[in-house]
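Have the sequence and the 3D view open side by side. The text below walks through the structure region by region.

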Amino acid sequence: MSGGSEGLLEVDDVSAGYLGEDVIHDISFSVAEGEAVAIIGSNGAGKSTLFRAIVSMLTPSGGAIRFDGRDITSTGTHRIARAGLAYVPAERHLFPAMSVTENLVLGAFPRRPDPAVQSNVFEIFPRLAERRSQAAGTLSGGEQQMLAVGRALMSKPKLLMLDEPTTGLAPLLAAEAYRALARLRDSGLTLVVAEQQVPLALELAERGHVMEQGRLGFSGTSDELAGNPEVQRAYLGVT
Ligand SMILES: Nc1ncnc2c1ncn2[C@@H]1O[C@H](COP(=O)(O)OP(=O)(O)O)[C@@H](O)[C@H]1O
Ligand SMILES: [Mg+2]
């Protein structure tokens, strides 16, 4: 990494939206190497829009994004992935007719899959190993989430960005998905996670930012966020 104190990911004053109208405004935050950071916010807050702007699926109307010492603003989603920023959208975008293994292999594209990384994915997600020949479309929701994460890992990312990894998962499976993410965090992988399920996200992350109506508001350590009365009121069901 170049540039002394610069974070692995630097989002600087980014605004973006759809059809010429911004829905996220002047977003700034940074993520240091090895850190896990949560972006928490309710439905419609702008979390997915922020992630799409970071990976160039949307062109920001203003601001800049730096990753690993380089300006990646509007660089193109594939080049950003090759630079080591992997993104798992809430919709997962698996190839349903292809097997688990084939989906994993595509995650390494355009490189050849690294057998050591694939073994590591199967070690983290033994359920995927058991179902390696099964079509992705026949997996349960929880298994599809594991596969989406596993596929992202195949690109050997420096940073993994996950948009609401608990989407469509029953509580037990959501907790299981987060246990796997905690293992990835403990292995040193940098994580950014967007989440409405605040307790899970704050358990995983060291720090978080609250997103509301397209803006980042309260920021702090996970303990500070969990103890903040406004966060409790809005997200943790405490009155
Ligand atoms: N493809 C789209 N076209 C137009 N507006 C969109 C699109 N996706 C999201 N929006 C709008 O942008 C705002 C933020 O949405 P989103 O980023 O999906 O929030 P979140 O991920 O936090 O639920 C919402 O008002 C939503 O209706
Ligand atoms: Mg979203």
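Where does Ser74 lie? This is a predicted model, and in it Ser74 belongs to the loop between strand 5 and helix 2. Its backbone deserves a look. Phi of Ser74 is near 55 degrees, a positive value in a residue other than glycine. Ser74 has a relative accessible area of 39%, so it is partly exposed.

Move on to Thr75. Thr75 is found in the loop between strand 5, residues 70-71, and helix 2. Its relative accessibility is 22%, so Thr75 counts as partly exposed. The cut-off for buried is under 20%. Leaving aside residues up to four places away in sequence, Thr75 touches Ser56 and Ile80. Ile54 is 21 residues from Thr75 along the chain, and their C-alpha atoms are separated by 9.7 Å.

Helix 1 spans residues 47-54. It is mostly covered, with 6 of its 8 residues buried. Which residues of helix 1 are buried? They are Lys47, Thr49, Leu50, Phe51, Ala53 and Ile54. In general, an α-helix has 3.6 residues a turn, so residues three or four places apart point the same way. Ser56 follows helix 1, and its phi is positive, near 70 degrees.

Helix 2 covers residues 77-83, and Arg79 is found in it. Is Arg79 buried or exposed? Arg79 has a relative accessible area of 51%, so it is exposed; the cut-off for that class is over 50%. Together with Arg70, Arg82 and Arg111, Arg79 forms a patch of positive charge on the surface.

Next, look at strand 2. Strand 2 runs over residues 21-31 and includes Asp26. What is the phi of Asp26? It is near 50 degrees, a positive value in a residue other than glycine. Asp26 has a relative accessible area of 46%, so it is partly exposed.

One more backbone feature remains. Which peptide bond is cis? The bond from Phe109 to Pro110 is cis, with omega near 10 degrees. Pro110 sits in the loop between helix 3, residues 100-108, and helix 4, residues 115-124.

How values were computed. Residues numbered from 1 in each chain as written. Chains lettered and ligands numbered in written order. Predicted model: local features only at pLDDT ≥ 70, side-chain atom pairs only at ≥ 80, totals over all residues. Heavy atoms only, no water. Patch = residues over 30% accessible without salt bridge, like charges linked within 9 Å, V, L, I, M, F, W, Y side chains within 5 Å. Areas by Shrake-Rupley, 256 points an atom, 1.4 Å probe, with all protein chains shown as cover. Salt bridge = Lys/Arg side-chain N within 4 Å of Asp/Glu carboxyl O. Lys, Arg positive; Asp, Glu negative; His and termini not counted. Charge placed at Lys NZ, Arg CZ, Asp CG, Glu CD. Helix = DSSP H or I, 4+ residues; strand = E, 2+ residues; numbered from the N terminus. Buried < 20%, exposed > 50% of the residue type's maximum accessible area, 1.4 Å probe, protein only. Contact = heavy atoms within 4.5 Å.
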